[in-house]
Amino acid sequence: SDLMRPEGGSSRGGESTIGNFLGGVALWQGDLVTGADFGVINPGGIRANLLAGEVTYREVFNVAPFGNTMATLDLTGEQVDLMLEQQFATYVDGVLTARTGDHPVLRLGISHNVEYVYDPTAPVGEKVSEIFIDNLAVDPEATYTVASNAFLLAGGDGFSVFRSGTNFTGGPVDLDSLIDYFGEFSPVEVDYSQGSTGLHLSAPLVAGETVTASISSLSFTNAEPKPATVDLIVNGEVVGNDLTIDNTVTVKADQTGQATVTFVVPDGVTPENAVVQIVTSDGS
């Protein structure tokens, strides 16, 4: 299967199979250098798709032609949250401000051991609500080692949070790292699971109340297989069954794959104990 960038005009704003793959390559390389908890890649650092079949040096070079050094850096959990918030906003004159222009979202490619939930309608700096690394909630006070290229870890593309990180440690050139990865793990299988999920609730989850849930970011934007339906589960009870997913591409944004359901919140649910699960027909 192909490793693809997002379709057309959304090429830096949507989640992609090749972006997440390269985040995984960064994690693997970071483990070899210092040990790493997760890997990321900036979307502008991905310059081509990788098509299924034998991969040549030229094809790998076309993906990563910059000669960037791979590296690791330590961030607090609070800084990891800000890193994800800076996909949608960056500091302008000291104020966190929404990204605008051709790239209102710069969607980081992130290794598949990371999942997060965000609300696309929330204010700048308050969009990301849940972050998990290796299925464990990120602790704002804990330290996490991120692996990426030196351009991003120096604060490139407006991700200034990295400038506050510590223990920067350099590694090999990105092209060499990618070649070594293929040498170690070929054949490479494409992972179609999504790292980000959009969720907006019209009201807090209180038992007996009627709430509308708007779900998004369930699908990739290019020619990858797409889930057809999704279930919404609250505290173990299915409140939305086989909801049809609208896979219309949302240009320049990480919201492709949307569904909506209005439901009555199950008995015993409070904002403090609510556990929401979103399960697509492909099991992701």
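Predicted model: local features only at pLDDT ≥ 70, side-chain atom pairs only at ≥ 80, totals over all residues.

Trainee: Which residues lie nearest the centre of the largest cavity?

Mentor: Leu-22, Ile-41, Ala-64, Met-70 and Asp-174 do, out of 15 lining residues. By class, that lining has nine nonpolar, five polar and one charged residues. At least two lining residues come from each of α1, β1, β9 and α5.

Trainee: How do I describe two packed helices?

Mentor: You give the angle between their axes and the distance between the axes. Here, helix α1 (residues 17–33) packs with helix α5 (residues 174–185) at about 90°, the axes being 10 Å apart. Angles of 65 to 115 degrees count as roughly perpendicular, so α1 and α5 are roughly perpendicular to each other. On the α1 side, the contact residues include Phe-21, Leu-22 and Trp-28, while Tyr-181 and Phe-185 are among those of α5. The contact divides into eight nonpolar, two polar and two charged residues.

Trainee: And sheets: how do their strands pair?

Mentor: Through backbone hydrogen bonds, either parallel or antiparallel. In this model, there is an open sheet of three strands in the order β14-β13-β16, with antiparallel pairing. The edge strands, β14 (237–244) and β16 (276–280), each pair on one side only. β13 (residues 229–234) and β14 pair over five bridges, and Ile-233 stands opposite Val-238 in β14.

Note on methods: Residues numbered from 1 in each chain as written. Heavy atoms only, no water. Axes fitted to C-alpha atoms, helices over the stretch in contact; angles between N-to-C directions. Helix = DSSP H or I, 4+ residues; strand = E, 2+ residues; numbered from the N terminus. Parallel < 35°, antiparallel > 145°, perpendicular 65-115°, else oblique. Contact = heavy atoms within 4.5 Å. Nonpolar A, V, L, I, M, F, W, Y, C, P; charged D, E, K, R; others polar. Pairing = 2+ DSSP bridges. 1 Å grid on protein atoms, 1.4 Å probe; cavity = no way out; pocket = protein on both sides within 12 Å on 5 of 7 lines; lining within 4 Å.
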